[in-house]
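This report describes selected structural features of the entry shown below. It begins with a helix pair and then turns to domains and chain composition.

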Amino acid sequence: MTGRNHDSRPPAAFILDEEKPAAKPARPEGRAKPRRAPRAMTDIVFEPEEVKGDLVTVPRSRTLPRPKTFRWGALLLSALTGLVALGAGLAITNLIDNAFAHAPWLGYTALALAGLVGLSALAIIIREIWGLLRLSRMEHIQAAAARAINQDDAAAADETVRELSTLYTHRADARWGLDRLADHQADIMDPKDRVRLAERLLVDPLDESALRIIARRARRVTLLTTVTPIAALDVLFVGVQNFAMLRELATLYGGRPSTLSTLRLARLVVAHLAISGGLALSDNLLQHLVGKGLMGRLSARFGEGAVNGILTSRIGIAATDVCRPVPRKAEARDTLASLLRELVMFGDKTEGKSGHDRDPNP
Amino acid sequence: MASFSRIMDETRIAAGGLKDFATGLVDPTFRLGVTGLSRAGKTIFITALINALTKGARLPLFEAYAQGRITHAILEPQPDDDIPRFAFETHLDQLTATDRRWPESTRRVSQLRLTMDYEPVGYMARTFGSGRVNIDIMDYPGEWLLDLPLMARTYEEWSHATVAAARLAPRAALAADWLSHLASLDAQAAADELQAVKAAELFTHYLARCRADGVSLSTLPPGRFLLPGDLAGSPLLTFAPLDVTPDTLAEAGSLHALMKRRYDSYVARVVKPFFFGHFARLDRQIVLVDVLTALNAGAAAVNDLKTALTQVMASFRQGENTMVSGLFGRRIDRVLFAATKADLLHHHSHDQLEAILKLLIEDAAARAEFHGAKWDVTALSAIRATREAMVRQGSEQLPCIVGTPEAGEVIGGTSFDGTREAAVFPGDLPADPRAALDGSLEGQIKFVRFRPPLIDGATFPHIRLDRTLEYLFGDRFP
C-alpha cells in the first residue's frame with residue numbers, strides 16, 4: 001500500500017450468482033467497521049471544527065462547581081438526620097416492646113405496622129432514586145442530541161434515536177411515530193437529519209400538549225391570585241401550581257418525576273430562566289404593561305394575578321426547554337408571544353369561562 | 001461601452017423581476033435553478049423530483065410532505081409557449097421499460113411547471129395565502145452553461161486563456177492539430193472565410209476530444225460548439241481563438257476583427273438570451289456536480305471541474321433578498337451543491353465525497369456566502385440504482401454496493417454484460433480531500449455505471465432526495 005494518509009484498497013467486483021454468497025444486506029449490521037490492516041499515519045491535516053448555521057444549546061446549565069472546602073453544614077444535617085432516624089427507630093422498638101408486654105396480639109399488630117412503614121419508606125426511596133436516574137438519563141439524551149445536531153456525529157445520533165425509542169416504547173401516543181421511525185431505520189441519512197426525524201416523529205407532537213399544560217396552569221394561578229382573600233396564601237398557591245406544572249411537563253416528555261427529582265428540575269429551570277430571562281425583553285414589556293398598566297388600574301388584585309400568570313407561563317416555557325429530550329433551535333423555541341394564543345382561547349371546556357384568561361392581552 | 005451593456009443587463013433583470021412580482025401576487029411562483037455541467041444528472045434529478053412528488057415517494061425529511069400537508073402535486077400545462085415542455089413521461093418510460101435505460105443527454109431547452117397545493121399553518125399564510133406554490137424547473141444541455149463566463153470576457157481575454165490552457169499538459173496532446181493550424185494563422189492578415197471555418201472545425205474537434213470518457217475535462221467553452229442545438233452550421237459558430245494577447249487591438253478587415261465580431265455576436269445573440277431567459281431570476285439553486293466521473297478520469301479532470309464550476313458560478317446573482325430585490329429581480333438566497341451519483345459508493349464514504357466536493361466549490365461557496373446566500377453540500381442520488389452489502393474477503397470486510405453494472409463496464413479485471421448482478425467495491429476515497437486534486441489517487445478508485453433499478457412500485461429509491469428538497473424549498477410551505 002502507498003504511504004498516503006488513506007488506505008487504498010484496489011477496486012474489485014464480485015459476481016453474484018443465483019445463491020448470493022457472502023453478500024448480506026448491510027442494514028442492521030451496516031455499522032460494523034470493516035477490519036483494516038494496522039498502519040501508521042503521518043502528516044494528517046485536521047480540518048478545523050466547522051461552526052456554521054443553526055446550532056442548538058443544551059438548556060441545562062450546571063451550577064458553578066463548589067469550592068472544595070469541607071462542608072460542615074452537610075455534616076450537621078446528615079448527623080441530625082441520623083440522630084432523628086435513630087430516635088424514631090428506638091421509639092418504634094420501644095413501642096413494639098411495650099405493646100408485646102401489654103398483649104401479644106397488640107405486639108404483632110404494631111410489628112406489622114412497623115413493617116409496612118419500613119416497606120413504604122423503601123419504596124419511596126427507590127422511586128426517588130429512579131426518578132433522579134431518569135432525569136439524568138434525559139440530560140444524557142439531550143447532550144447526545146445536541147452533539148449529533150451540532151457536530152453531525154453519527155454515533156451520537158444513533159444513541160439519541162435508540163434512547164428516544166426506548167423512552168417512548170410503552171406510550172400509546174408514540175406508537176405511530178415509532179412505527180414510522182422504524183420504517184426509515186435503514187435509509188441513508190445524515191446524522192443530524194436522523195435526529196431531526198426522530199424529534200419530529202416522537203417529540204414534536206408533545207409540544208402542543210406542553211403549551212396547553214402551561215396555559216392551563218397559568219390561568220389557574222391568575223384566578224387563584226385574584227380571588228384569594230389573604231395575600232400570604234397566594235404565594236402558597238402559586239408554588240403548588242408551579243410544582244404541579246413541572247411534574248406534568250416532565251411526565252409528558254418522558255420523565256418520572258418524584259419529589260427530589262422535581263426539586264432538582266425546579267433548580268435547573270430557575271437556572272435556565274436566569275440565563276434566558278435577559279433575552280426576553282419583549283416579555284418583560286408585556287408584563288409591565290399588564291401588571292402596572294391597564295389591568296392594575298382595573299383591579300389591583302387582578303393585575304397581580306395577571307403578573308403571576310405570566311410568571312408561571314415563563315417558568316413553564318423554561319421548564320419545556322429543560323424537559324424536552326431534544327433541544328430546540330433558538331428560533332423554534334416557544335416564547336410568551338406564542339403562548340398568548342393558547343392563553344386567550346375561550347374554547348377550553350375545562351377552564352375559564354370568565355374573563356380572567358384574557359389577562360395578558362391588554 | 002461595457003458599463004452601458006451592464007446597465008442594459010440590469011434593466012433587463014429588473015423588468016423581468018417586476019413581471020415576476022406581479023404574477024407572483026396571485027400564485028407564488030418559485031424558480032428552481034437546476035445547474036450542472038453536462039452528464040451531471042440534471043435530467044434524472046428533475047425526473048426523480050417530479051416522480052417523487054407526484055406519485056408519493058418516501059420523503060421522510062421533506063417535512064411539509066412527510067406531515068401530509070402537501071395535499072397534491074400536479075404538472076401544470078406548459079406556461080411558456082415558446083419553450084418545449086420537459087419530456088417527463090418519456091424519460092420515465094425509458095427508466096422503467098423492460099430494458100431500463102438512463103435518459104439520453106439533453107439536446108435542447110425544456111421547461112416544466114409543478115404545482116403543489118398545501119395546507120398553510122401560519123396565521124398570515126392561512127389568512128392571505130392561496131395555499132398553492134408553483135415551481136418552475138428548466139432542463140437544458142449542461143454544455144451551454146459553460147458559456148456564461150464568456151459574458152464577462154472580451155474576445156482577446158478568452159483567446160489568450162484558451163490558447164494558454166491548450167498548451168499545457170493534459171490538453172496539449174489533444175490540441176496538437178488545432179495548435180499547428182493556429183500557428184499557421186496570422187491574426188492581422190486579411191480576413192479569409194475558409195480559414196475561419198477550418199479553424200473553427202479543428203477547435204471543435206479539440207473540444208470534443210477533451211470531453212471523451214477517459215479525459216472528462218470540463219472547462220470547454222463555448223458550449224454550442226459541442227452541442228450546437230438549432231445553430232448547427234450557423235456563422236455564429238465559425239470562430240476560434242487566435243494567438244493574441246489581451247491588449248491587442250483588432251485592425252479593421254483583419255482575421256482578428258472577423259473572429260472578434262463573431263465572438264461578440266455569439267455572446268450577444270446566443271449566450272445573453274439564454275442567460276436572461278432562464279438564469280437571471282432564480283430563487284434557489286442546486287448545483288449538481290459529477291465528482292465521481294472526474295475522479296475516474298484523474299486529477300487533471302478534477303482540477304478542470306473545479307475551474308469550470310468556479311467560473312460558471314460567478315455568473316449567478318446570489319445574495320439576501322430584500323423588499324427592493326423582491327420587486328426588481330430576486331436573488332438566489334440558497335445554494336445546494338450536490339455530489340450526484342452517490343449510489344455508486346457505500347454510504348461510509350459519503351462524508352469523504354462531500355469533503356472533496358467542498359474543496360471543489362470552495363471559491364463558489366465563498367462567493368455565495370460573501371453575498372449573503374446560504375449554502376450547503378450533500379451527497380445525493382436522485383434515483384438509487386444500487387443497494388449496499390458487506391462482502392467478506394479473507395479477513396477483510398469490504399463495504400460494497402450491489403447492482404447491475406451497464407454493459408461494457410470493466411473493474412478489477414471483471415467486465416460486465418449488463419445483465420449480471422455484482423457487488424462492487426470502488427476503492428476507498430481519501431480521508432484528505434486534497435488527494436483528489438494532487439494526483440495521488442491515480443488508478444486507485446474506479447466507479448462503474450449501473451443500470452437503473454428494478455422497482456416494484458411507482459417510485460424510485462433515492463439517497464437524500466428528501467433532504468435536498470427540504471433544503472431547497474422546505475420553507476416555501478408556511
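## Helix packing in chain B

In this predicted model, helix α2 of chain B (residues 42-55) packs against helix α4 of chain B (residues 88-96) at an angle of about 95°. The axes of α2(B) and α4(B) lie 10 Å apart. Angles of 65 to 115 degrees count as roughly perpendicular, and α2(B) and α4(B) are therefore roughly perpendicular to each other.

On the α2(B) side, the contact is formed by B:Thr43, B:Thr47, B:Ile50 and B:Asn51. Their counterparts in α4(B) are B:Phe88, B:His91 and B:Leu92. By residue class, the contact of α2(B) with α4(B) comprises three nonpolar and four polar residues, with no charged residue.

## Domains of chain B

Chain B is divided into three parts: domain 1 (2-145 + 274-384 + 459-476), domain 2 (148-272) and domain 3 (387-438).

Taken over C-alpha atoms, the centres of domain 2 of chain B and domain 3 of chain B are separated by 40 Å.

## Composition of chain A

Chain A contains ten helices and two strands.

Chain A has 362 residues, of which 31% count as buried. Where contacting residues of chain A are at least 6 apart in sequence, 72% of the contacts join residues at least 24 apart.

Conventions
Residues numbered from 1 in each chain as written. Chains lettered and ligands numbered in written order. Predicted model: local features only at pLDDT ≥ 70, side-chain atom pairs only at ≥ 80, totals over all residues. Helix = DSSP H or I, 4+ residues; strand = E, 2+ residues; numbered from the N terminus. Buried ≥ 20, exposed ≤ 12 C-beta atoms within 10 Å, placed from the backbone. Contact = placed C-beta atoms within 7 Å. Domains from an automatic or database assignment. Axes fitted to C-alpha atoms, helices over the stretch in contact; angles between N-to-C directions. Parallel < 35°, antiparallel > 145°, perpendicular 65-115°, else oblique. Nonpolar A, V, L, I, M, F, W, Y, C, P; charged D, E, K, R; others polar.
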